[in-house]
Structures are given as C-alpha cells and as structure tokens.
Amino acid sequence: MHRNTDTQSTSAEGQSTRLRLNSLKEFRSAGRGFWRDVPDRDWNDWHWQLKHRITTLEQLQRLMPTLTPEEYAGTQLANQKLALAITPYFFNLIDPADENCPIRRQVIPRIEETHTASWEMSDPCGEDSHSPVPGLVHRYPDRVLFLVTDRCAAYCRYCTRSRLVSNAAGYDFHPEFDKQIAYIEQHPEVRDVLLSGGDPLLFSDTRLEQLLRRLRAIPHVEFLRIGTRIPIFLPQRITPELCTMLKQFHPLFLSIHTNHPRELTTEVRAGLGRLAEAGIPLGNQSVLLKYVNDDVTVMQALVQKLLLCRVKPYYLYQCDLITGSAHLRANVRTGLEIMEHLRGHTTGYGVPTYVIDAPGGGGKVPVSPEYVLSRNRDRVVLRNYEGKVFEYIEGATDAPAYKVSENFDTPKVLAPPPGLGRC
Ligand code: SF4
C-alpha cells in the first residue's frame, strides 16, 4: 500500500518536473510592454534600444513600482560602482510581481552590493597582474584577452570586471589600442585572441571590422573569439550586415553569455540563427547564480534550449569572489549537483564544463563530480551516471610478446555479417 503511494507521488513529481522543464523551454517573445506604441522601425533598431535604456532610479521606479526597499537603496548607490543600465527589450523579461525573478536579480542593483567580505576582491581573477599592456591579459601561454571597450548594453550585477566596465575606466574604444596590437604582433606564441571588455559588439560594424582586420593581418594569430552578451541584452544588434561582415574573419568563434532559459526568446533565437548561418560557431558561458539558475531543472532547460539555438553550452562558472556578490553566489555543492544531474541525463553536447576561476589569477580549474572511484596500475574503478560501478582493466602493457613469422600470408579481409557496421 505504502509502495503504491510512494510510486504515485514519485510519478506525480516526475510529471510536474517535466511540465516545468517544457514550460521553461518554450520560446516566447519579450514583447513590447511599456513601449507598445513605439514604431517597429525604432524598436528593432539597436541604437534606439541603447538610447532608451533604463539608467536612473526615477525611470526604474516609474516602470516598476514594485521595487523592494533593498533594490531602491541599491539603485540609489549603484552608479558609484557599477552603473545601472537595462535595455527596454531586456526589461520586458522581468516579472515585476516576482521579487526573486531570475532576470531581475541579474540587472537590478540591491543594497547587498555595498557589503564586502574580507575574501572578496575587485579583481578576483588577477587580470591586472597578468597585463603586460593595459587592457591586454596574457595569462595562458598561447592566447590573450583583449579588453577593447569598457561599455556594455546592460550591466550584470555580478560582473567580474565591474572595476573596469560601465564607463569606470572612462573610455569607449580602448586608448591603448595601438600598444595592445603591437604586443600581439611582437609575441608569435599568441595564436588565439579573445576580444572582450565590455562588449565588443557595441562597436559599429566599421570599427569592429577595422579591429578584426588588424588582428587578421598578424600571421601568427590563428583564431579569433568574441565574448559578448549583446545577443541576449540587445538581439536587435545581430543584423544581417553585422553577420556578413563577421564572416570575413573565419575562424571566428562567438561566446555568448546567458544564465536562464527565459533569456532565450524568439528574438534571441533569430539573432543566434543569423550568426550560425554565417558559419560562426557559438558557445555559451553561464555563471551559477543564486535565485537565477541554481536549480537542476532550470539548468537542464537552459542547456537544451541553447542546443535548439545551435549554441554549445561551453562553461558554467562558479561566481567569482567579486566584491558585493555574496547575495548572488550559489555554493560549489549546488554546482556539482547540477553537473551530476546533467551528465548522462542529457545530450553530451549540452553539458558544459563547470569551472572555478582560481582566485588571484590561477586560471580556470575544472571541477566535476567524482566518476573515478579508484585507480591503480592495472585497473580503474568507475561509477556511471546511475551510480553503477564498472572496472576498466589496463593490462595492455602486460600483453605477452608474439613472435610473427616473416613468411606470412596476406590476411584475408572478411566481409562483416549483414546488418553489422559502424557509423
Ligand atoms: S556583459 Fe559581461 S562585461 Fe558586461 S557587465 Fe555583463 S558580465 Fe560584465
């Protein structure tokens, strides 16, 4: 009797999880919200979106009278550290009735941002100490991070580079641009350049093209990447003209940044589709955030929805120890539980690498649930995603030596039995 009840409740739970997963995976438009009277021509113009960003407490209060005391106080102080900016398009994804709305948590300041724990840092990844030239980070042997601008379309409250972005450094196009290019030219070991910032896609097509052309003219630069959150904050920027320009610079990869499946709207899917059609491989980087995506079903929906948009989930970052981010940081145990749930339970292409950027500048360190239970010279004991245990024998080095006659017949190749074959 008991067993039946348990089975029924388990299957009811499974059913409700499936329903939630399917609902999170639905593609919806962000809609027009308060801007329903704006002509299509303006709404779909990325310059219009930038010009009409929400940047002040007064604007925010008018559009969202449900601001909590924590948000009100945080927004009053926000511009002293990391500016407030939200595009009208992205604002429409916020649920004003939900204090813990995962979109709201990412872009609306809170008073907790002003609290700093002793272990938090303004430069948690130690980028400044690995910068041979301002705005260029050379931490790994064969690649550099090129910080080309300090502007973004909107500002993420957990941004690792809050010391630099939102006009904190007072530049649009990096003033040390020529020195940065000269450094790359003089270092033949640099084969991979990642453009980031700030957001490089905020540049005009012309300026971005000039920049990419300069980099492509350096013979040892094999591979270009752009890190951008524009396809999520401002999908209107992904114009056919931009895609046509970018496709001149292959191999060029794009790393987008999205944290919650609701960010993947019909508008975003269309923009990502244009980039994919231009032959640009797309990857996604997410940051594990409390109240945003520290939930197995949310993450499963996110990675599956990314695949539907032709984007490979690339990294899941443990939130850096950036000052004032404690209220957004989920713990590593949660991250490991999410990874445990993804591996084997969804397409391998949909499983990102979970990493911690080692505080102080140690670089990305992958962290993963333990699948190797023990290992010695002869065998590896493994556990699979269902918890079943298997042994892999490593006896190859102990194989007996065979003496083969020099006068041997050519072996016959036998046809495989019908129906057997490998792809
Ligand atoms: S888009 Fe990237 S660089 Fe800009 S605020 Fe967000 S995390 Fe920081």
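**Ground rules**

I am reading a predicted model, in which local features need pLDDT of at least 70 and side-chain atom pairs count only at pLDDT 80 or more, while totals for chains, interfaces and linings use all residues. I number residues from 1 along each chain as its sequence is written.

**Confidence**

I checked pLDDT, the predictor's confidence in each residue, from 0 to 100. The protein chain averages 92, and 90% of the residues score at least 70. Residues 416-423 stay under 50, and there the model has one contact beyond four places in sequence. Two residues are in contact if their C-beta atoms, placed from the backbone, lie within 7 Å. Where pLDDT is low, the predicted coordinates should not be read in detail.

**The whole chain**

I noted a box of roughly 85 × 75 × 50 Å for the C-alpha atoms of the protein chain, taken along the principal axes. The protein chain holds 14 helices and twelve strands. Helices (H or I, at least four residues) and strands (E, at least two) are DSSP runs, numbered from the N terminus. Of its 423 residues, 36% count as buried. A residue is buried if 20 or more other C-beta atoms lie within 10 Å of its own, exposed if 12 or fewer, and partly exposed in between, with C-beta atoms placed from the backbone. Among contacts between residues at least 6 apart in sequence, 78% join residues at least 24 apart.

I also looked up the domains, whose bounds come from an automatic or database domain assignment. Domain 1 covers 33-114, domain 2 covers 128-366 and domain 3 covers 370-398. The centres of domain 2 and domain 3, taken over C-alpha atoms, are 36 Å apart.

In what order do the nine strands of the open sheet run? I read the order as 1-2-3-4-5-6-7-8-9, with mixed pairing. Strand 1 (136-137) and strand 9 (363-366) are the edge strands, each pairing on one side only. Two strands pair if DSSP finds at least two bridges between them.

I then followed the sheet from strand 1. Strand 1 and strand 2 run antiparallel, joined by two bridges, and they form a hairpin with five residues between them. L136 has F146 of strand 2 as its bridge partner. Strand 2 (residues 143-147) is mostly covered, with four of its five residues buried.

Strand 2 runs parallel to strand 3, and five bridges join them. Here V144 stands opposite V193, and R143 stands opposite D192. In a regular strand the side chains alternate between the two faces of the sheet. In strand 3, I found V193 and L195 on the covered face, and D192, L194 and S196 on the uncovered one.

Strand 3 and strand 4 (residues 223-228) are parallel too, joined by four bridges. L195 has I226 as its bridge partner in strand 4. Further along, strand 7 and strand 8 (residues 353-358) pair in the parallel sense over three bridges, and Y317 stands opposite V355 in strand 8.

I found a cis peptide bond from G197 to G198, with omega near 15 degrees. Another cis bond runs from H250 to P251, with omega near -5 degrees. P251 lies in the loop between helix 11 (240-246) and strand 5 (252-257).

Which residues had a positive phi without being glycine? I noted Y291, with phi near 70 degrees, and R310, also with phi near 70 degrees. Y291 is in the loop between strand 6 (282-288) and helix 13 (296-308). Y291 counts as partly exposed because it has 18 C-beta neighbours inside 10 Å. R310 is in the loop between helix 13 and strand 7 (312-318). R310 has 15 such neighbours inside 10 Å, so it counts as partly exposed.
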